[in-house]
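Subject: Structure for your review

Dear colleague,

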Amino acid sequence: MAKFVNRDSLAVSIAAEQKMTTQDAAAIVNQIFEEMSQALESGGVVDIHGFGKFVIFDRKSRMGINPVTKERMEIPATKLPKYKPSQTLKRRCNAGMDIEDD
């Protein structure tokens, strides 16, 4: 079965590995994500060696159709985070295709 990872599971894993409380590990996980969010919010880049890179992508405004009224409308431009996995992560994911986890 595939492993599911979220903030809580990261905190539990870090706490067990580093022999600290889950509460302290959760604070560390939250700080990491807050730091990443602030970097992206300010237009920066988050580059984690061996994992991937997060950048802000500018989506241009475009025309769309309101599904209720069927009227054409302009969808405003937005900024979105975009993720590009590293070659290392791609290789690990593809190498693990034939391996079953316990």
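Two strands are said to pair if DSSP finds at least two bridges between them. Please bear in mind that the model is a predicted one.

The sheet

Strand S2, which covers residues 52–59, is joined to S5 by eight bridges, and the two strands run antiparallel. They belong to an open sheet of three strands, in which the order is S1-S2-S5 and the pairing is antiparallel. Strand S1 (46–48) and S5 stand at the edges of this sheet; each has a single partner strand, so one side of each is left without a neighbour in the sheet. On average, neighbouring strands here are turned by 25° against each other, direction ignored.

The two helices

Helix H1 packs with helix H2 (residues 22–41) at an angle of about 125°, and their axes are 8 Å apart. Angles over 145 degrees count as roughly antiparallel and those from 65 to 115 as roughly perpendicular; H1 and H2 are therefore oblique to each other. Their crossing is right-handed. Which residues meet where these helices pack? From H1 come Arg-7, Leu-10, Ala-11, Val-12, Ile-14 and Ala-15, while H2 contributes Thr-22, Ala-25, Ala-26, Val-29, Asn-30 and Phe-33.

Two serines

Ser-9 lies in helix H1, which spans residues 7–18. With a relative accessible area of 27%, Ser-9 is partly exposed, since that class falls between the limits of 20% and 50%. A polar atom of the Ser-9 side chain lies 2.8 Å from the backbone nitrogen of Asn-6. Ser-9 is 74 residues away from Tyr-83 in sequence, and the C-alpha atoms of the two are 22 Å apart in space.

Ser-86 is found in the loop between strand S5 (78–85) and helix H3 (87–95). Is Ser-86 buried or exposed? Its relative accessible area is 16%, so Ser-86 is buried, the limit for that class being under 20%. The side chain of Ser-86 reaches the backbone nitrogen of Leu-89 at 3.1 Å. Leaving aside residues up to four places away in sequence, Ser-86 touches Gly-50, Phe-51 and Gly-52.

Yours sincerely,
A colleague

Definitions and conventions: Residues numbered from 1 in each chain as written. Predicted model: local features only at pLDDT ≥ 70, side-chain atom pairs only at ≥ 80, totals over all residues. Heavy atoms only, no water. Helix = DSSP H or I, 4+ residues; strand = E, 2+ residues; numbered from the N terminus. Buried < 20%, exposed > 50% of the residue type's maximum accessible area, 1.4 Å probe, protein only. Polar contact = N/O pair within 3.5 Å; in protein donor to acceptor, adjacent residues only side chain to side chain. Contact = heavy atoms within 4.5 Å. Axes fitted to C-alpha atoms, helices over the stretch in contact; angles between N-to-C directions. Parallel < 35°, antiparallel > 145°, perpendicular 65-115°, else oblique. Left-handed = near helix turned anticlockwise from the far one by under 90°.
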